[in-house]
Structure formats: structure tokens, C-alpha cells
Amino acid sequence: IPLKNYRNFIIVAHVDHGKSTLSDRLLEITGVVDPEAPNKQVLDKLDVERERGITVKAQTVSMIYHYKGEDYLFHLVDSPGHVDFRLEVSRSYASCQGALLLVDASEGVKAQTVANFYLAYSMDLKLIPVINKVDLDTADVPRTEEQIESMFELSRNDIIHVSAKSGLNVKYLLPKIIENIPPPLHCRPDEPFRAQIVDSWYDSYLGVIMLINVADGSVKKGSKIVSFKTRQKYEVKEVGIMYPDRTPLPHLVAGQVAYIIPGIKDPNTVFVGDTLYEAGTSVEPLEGFEEPKPMVFVGAFPAQGTDFKKMEERLEHLFLNDRSVTLQHATSSALGQGWRLGFLGSLHASIFKERLEKEYGESLIITSPTVPYKVHYKDGREVTVSNPDDFPDSLKKTTISYFSEPYVDAFMSFPKEYVGKVMQLCTANRGEQEEIQYMSNDQVLMTYSIPTSQLIDDFFGKLKGITKGYASLDYEDAGYKPSDVYKLEILVNGESIDALSTVMHKSQIEKNSKEFVKRLKEFLRIQQFEVAIQAQANGKIVARETIRARRKDVLAKLHASDESRRKKLLVRQKEGKKLLRSIGKVKIPPQAYQSFLKAR
Ligand code: GDP
Ligand code: MG
């Protein structure tokens with residue numbers, strides 16, 4: 001099949017608008033899967049993805065289609081719908097020349113449609129508008145057409161109406177793709193091999209498998225190729241396309257998005273975005289992707305009785321297939337040796353937090369999520385701080401010019417009756433309105449600039465709460481803005497508990513500090529002497545609670561004669577003491593931190 005007959009495309013859609021169903025229909029029409037086969041939704045592979053209805057890892061599937069006497073090779077690259085996975089989204093977009101912009105006929109344009117549209121548009125993809133679910137009673141095709149036309153400036157005449165469920169009109173999509181989406185003509189089949197790594201995953205038998213976008217030349221089993229980044233040399237063990245599973249081919253050629261098996265076991269030597277080239281040639285690297293930049297961090301510490309080494313092995317194993325998570329060692333005087341985990345966004349973090357809690361539950365203490373703040377010094381230096389405990393306090397302020405925090409542009413869609421409440425919520429979360437559009441179907445699409453720290457504080461949960469579940473949300477990074485943020489420390493008898501430090505905006509300190517000390521008091525009730533719990537921000541004590549001394553004499557209620565019981569209790573009390581970590585002279589059980597952090 002000649003290069004001019006290649007078509008690489010993606011489907012852009014809001015969650016539940018029918019991307020997976022439509023992909024399955026296309027695979028059936030092209031004979032890649034049997035319509036009778038029970039194993040549908042080829043592209044949604046991981047379990048979490050199914051549960052959450054989102055695709056976490058980029059996938060691809062190839063199809064061959066016969067049209068007007070010629071064969072065409074399609075690569076449908078699937079990408080996560082949520083922009084938390086922006087890096088994966090943009091690298092799958094980058095391997096394509098066009099996109100189907102899919103909109104549900106009864107729901108219309110929603111938050112994710114808009115966010116993904118802007119990204120596709122900025123990457124110069126050719127867009128084909130498609131209205132799905134026209135079979136529904138609630139479908140309103142004219143209204144959806146109007147939205148597509150006015151918001152995306154796409155002509156009504158180009159819109160295809162389909163039902164992915166019944167298959168109605170789906171057969172018109174492939175010819176439309178052939179006619180409208182250009183082939184990857186920038187690729188050069190006659191040059192030496194050059195390709196970019198789009199994704200990689202790990203198979204326990206085969207080792208690393210890479211999804212690559214071949215820009216120049218060809219590659220086959222036995223080819224000697226080199227990584228531009230690491231200069232490591234590989235001898236290719238297998239090449240092929242996903243059809244829909246791994247299907248070996250004699251060779252891959254320029255223009256294809258396909259897999260290769262380099263025969264290596266260590267996934268840490270593979271970098272997405274890296275350029276691979278033929279050994280012995282000298283080439284320029286293909287324009288790279290940025291390394292994933294984590295936007296949400298949490299601390300994780302082994303709880304009582306959990307082995308550090310064993311836990312580390314488990315964590316490394318869990319993240320083996322998700323290189324978007326960063327893992328670093330961290331030490332806390334309150335919680336001991338642990339890790340600092342970095343995630344791409346709040347959804348990404350919550351998926352992993354949930355996974356960790358499900359799998360390791362009581363054996364891992366997880367601290368509050370935080371965003372990376374920037375400290376701008378007077379001498380022009382700029383330092384990014386992702387651990388609240390490293391955030392400078394006021395004493396060093398003389399050399400500091402100002403602080404800044406990351407923002408997002410949040411796109412929200414919901415029925416118009418909730419406009420007032422949503423505005424209130426956004427204002428309470430330090431948001432600034434950027435745009436509001438009333439759509440013809442009583443829906444509103446609103447854009448707010450919101451600090452990322454507010455977004456990760458369950459903003460979506462609150463938004464859903466006030467809109468009875470009707471709102472949807474998506475967002476785009478909007479860079480850093482100067483901000484009055486302070487480190488809020490919790491002190492127990494004058495000593496700061498590092499694991500409980502947080503960074504927050506001036507306006508939130510008063511309320512939070514009172515709440516924090518009150519709540520920590522609940523978990524520290526029984527102490528042998530008076531304990532002061534204080535919150536300190538910007539060098540000043542802003543809240544205080546006191547726990548009165550209480551002698552805890554386990555023997556008080558016993559008769560002197562009850563000797564064996566007496567001994568048993570004394571032993572138990574001693575063991576109990578061993579379990580406590582001390583802060584100053586105060587003994588604090590690690591469970592107290594766990595309960596405190598969970599309650600937040
Ligand atoms: P995705 O989240 O975009 O991948 O959406 P899915 O393909 O998983 O579809 C979401 C839901 O919409 C599923 O319950 C589908 O059965 C349903 N669905 C998809 N396409 C159609 C359609 O054309 N008509 C109707 N009535 N339902 C559809
Ligand atoms: Mg899906």
C-alpha cells in the first residue's frame with residue numbers, strides 16, 4: 001500500500017459520546033474484528049479504564065479498507081479523553097493528520113469536546129464533524145449542528161450523522177476520511193530509518209514493546225537501530241501492526257504507526273518522544289515531546305509494620321507500566337522514610353490514590369495532594385517547590401521577591417439554571433471568569449481561570465454536587481500567576497510536624513488552621529501531659545488547641561491481688577509505647593496522622 005493511501009487519525013469526543021462504540025463499528029466494517037465476537041471495545045484495555053470509562057494509555061489499531069479500486073491503510077490512534085493525560089494526548093495527536101470530532105446528538109458540545117478541539121486545532125489536524133446517537137428520542141440534531149457550526153466554525157454541510165450503536169451511516173465515514181484527511185506526505189520512504197517513540201509498555205515475556213511513528217525509511221526484524229537520547233543500540237526482534245492485537249509484519253515503512261520489539265527488559269531506558277534511527281547513519285532527532293511534568297504531588301509513607309524495601313518494590317511494579325508517575329525518596333521526621341509521588345493531574349492522582357488504597361490500604365500513609373509552587377528570588381532565581389515542607393517561611397523573605405502558583409483554564413458545561421451556584425463556587429475557589437456562552441439547549445459553557453490547587457481539592461466533586469451531577473469539567477494548563485501563598489505548619493508542643501505542612505492562599509489560612517488543629521486534637525486525645533497544638537503561617541501562630549494532661553494509669557482499676565493480669569497489662573503498655581513516634585516529648589501514634597490525613 002503506497003504512502004499516499006495511508007490515513008492516520010484519532011477520534012475526539014467528550015466521555016460517553018460514543019468513541020469506543022464507533023471504533024468498534026469501524027473495526028467491524030473493515031473486517032478487523034468479527035461483529036459476533038463478544039470481546040468488544042478493543043481499545044479500552046486496562047481495568048481501571050473500563051471502571052472509569054477513560055482510556056489511560058494511548059492505543060492504536062490498524063485497518064485496511066478497499067475504496068475505488070485501491071487499498072487504504074488506516075491507523076486509528078486512541079488517546080485518553082481527559083486532558084490530565086495531555087502529554088499522551090498530544091503525542092497521539094502528533095502522530096495523526098486528522099480527527100473525527102464526535103458529538104452526542106442529545107447532549108451537544110461539552111467541556112471535553114471543547115478542550116480537545118482546541119488541542120487538535122492547535123496541532124493543525126483536519127477535523128471531520130460527526131454527530132452520534134441520532135437514533136435516540138432525545139436527539140436534537142439541528143441544535144447540535146448549530147453548536148458545532150458556531151463554536152468550531154465547521155460547516156454544517158460537512159457534518160455526518162451516525163448511530164454508532166446501530167451502525168447507521170458509519171460506512172460513510174471511511175470514504176470521508178480518505179477524501180478529507182491528508183496522508184502523512186511529510187514522511188520519506190527512501191531515507192534511512194527514523195521514527196519517534198509514541199508510547200511503550202511492558203510485557204513479562206517479550207520485555208519492552210514500543211509504539212512508534214515511522215517518519216523515514218523502513219525497519220524490520222534484525223535491523224540495528226539506535227536511540228538518540230541514550231545512544232543505546234538495539235537489534236529489532238519483531239515489527240508489526242496492531243490488528244487489533246499484535247500482528248507481525250515483514251517490515252514497517254514510513255507513515256505507519258506501529259509496534260516494534262527491541263528485545264530489552266529494562267523499561268527505564270525507553271523514553272517516549274525519543275528518536276530511533278538506523279545504526280551507522282547520522283540524523284537529526286525528530287521534534288521531541290516534553291518530559292511529563294507532574295502537576296500534583298503526594299507523600300507516601302509505610303505505615304506501622306510495613307517493610308520499606310518490600311513496599312518500594314510493589315510501588316515500582318505498579319508504576320512500571322505508567323511512566324507518567326514519578327517516584328522519589330523522601331524523608332519525614334514524623335513518618336520516617338518514604339516516597340514523593342508526582343502525577344500529571346488531579347484525575348491521574350486520584351486514580352492512583354484509589355489503586356494504592358485498594359491494594360495497600362492500611363499499610364501506606366498518603367499525605368494531602370499539593371501542586372508545585374514557584375519561589376521567585378530578588379536575584380532572579382526561580383525555584384519550584386513540590387514538597388510543602390520545603391516551602392520557605394517568612395524568615396527568608398528578605399531575599400524573596402514573590403511566590404507564584406499554577407493555574408488552569410477550566411471549561412465547565414451544565415444546565416443554565418445552575419449558573420449562579422457555579423459562579424459562587426468558582427469565586428469561592430479564587431476563580432476568575434473568562435467566558436460564558438449560553439447554548440441553545442439550555443446548557444451553559446463557562447470558562448474560568450482557577451488555581452490548580454483549588455482544582456485538586458475536589459473541585460469536580462463540589463461542582464457535581466451543586467449541579468446534581470449534571471456538570472462536566474475539563475481544563476487546560478494556563479501557566480503560573482503571582483500569588484499570596486504561605487506555608488501552614490502544624491506544631492505540637494512547639495515542634496513542626498513536617499508531614500502535615502501545607503501551602504495555601506492567604507485567604508484560606510484562618511479557616512483551615514482552626515480546622516486542622518481541632519481535628520488533630522481529636523486524634524491525639526490521650527496524652528500523659530499537657531500538649532499544645534498550634535498552626536503557624538508566615539511565622540505567626542494563627543490557631544491553637546490544648547490537650548489537658550491526663551494520667552493514664554492502666555493499673556488504677558485493678559486489685560493488687562490480680563498479679564498475672566497486672567503483668568500482662570504492663571507488658572502491653574510497654575509495647576504500645578514502642579509503637580509511638582515522638583515529636584518533642586509527645587508520643588504520637590502514626591495512626592493518628594493516617595486518620596487525620598484521611599479525614600481531610
Ligand atoms: P466513549 O466514552 O466515548 O468511549 O463512549 P462509549 O462508546 O463507551 O459509549 C457510551 C454509551 O453510549 C454506551 O452505553 C453506548 O452503548 C452508548 N452509545 C454509543 N453510541 C450510541 C448510539 O449511536 N446510540 C445510542 N443510543 N447509544 C450509543
Ligand atoms: Mg471509551
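Which helix holds the place of Gly465? Keep the question in mind as you look through these notes.

1. A word before we start: this is a predicted model. As for the opening question, Gly465 sits in helix α11, which covers residues 459-466. With a relative accessibility of 56%, Gly465 counts as exposed, because the cut-off for that word is over 50%.

2. Next, have a look at the ligand. There are 16 residues around ligand 1, and those that come nearest are Asp16, Lys19, Ser20, Thr21 and Asp135. A polar side-chain atom of Thr21 is 2.5 Å from an oxygen atom of ligand 1. Gly18 takes part through its backbone, where a polar atom lies 3.0 Å from an oxygen atom of the ligand. For Asn132, an N or O atom of the side chain is 3.1 Å from an oxygen atom of ligand 1.

3. An unreviewed UniProt entry lists residues under "binding site", among them Ala13, Asp16, Gly18, Lys19, Ser20, Asn132 and Asp135. Please treat that as what the record says, since such annotations may be inferred rather than shown by experiment.

4. Two residues from that record deserve a visit. Is Ala13 buried or exposed? Its relative accessibility is 8%, so Ala13 counts as buried, the limit being under 20%. Ala13 lies in strand β1, residues 6-13. Leaving aside residues up to four places away in sequence, Ala13 touches Lys19, Leu102, Gln112 and Asn116. Asp135, in turn, is found in the loop between β5 (126-132) and α5 (141-152). At 43% relative accessibility, Asp135 counts as partly exposed, because this value falls between the 20% and 50% limits.

5. Finally, enjoy the sheet. How many strands form the open sheet that contains β17? There are 4, in the order β18-β19-β17-β20, with antiparallel pairing. At the edges are β18 (326-332) and β20 (364-366), each of which pairs on one side only. From one strand to the next, the twist averages 30 degrees. Inside the sheet, β17 (residues 296-302) and β19 (residues 336-343) pair in the antiparallel sense over 5 bridges. To find your place there, look for Phe297, which stands opposite Gly342 in β19.

Note on methods. Residues numbered from 1 in each chain as written. Chains lettered and ligands numbered in written order. Predicted model: local features only at pLDDT ≥ 70, side-chain atom pairs only at ≥ 80, totals over all residues. Heavy atoms only, no water. Pairing = 2+ DSSP bridges. Helix = DSSP H or I, 4+ residues; strand = E, 2+ residues; numbered from the N terminus. Axes fitted to C-alpha atoms, helices over the stretch in contact; angles between N-to-C directions. Buried < 20%, exposed > 50% of the residue type's maximum accessible area, 1.4 Å probe, protein only. Contact = heavy atoms within 4.5 Å. Near = heavy atom within 4 Å. Polar contact = N/O pair within 3.5 Å; in protein donor to acceptor, adjacent residues only side chain to side chain.
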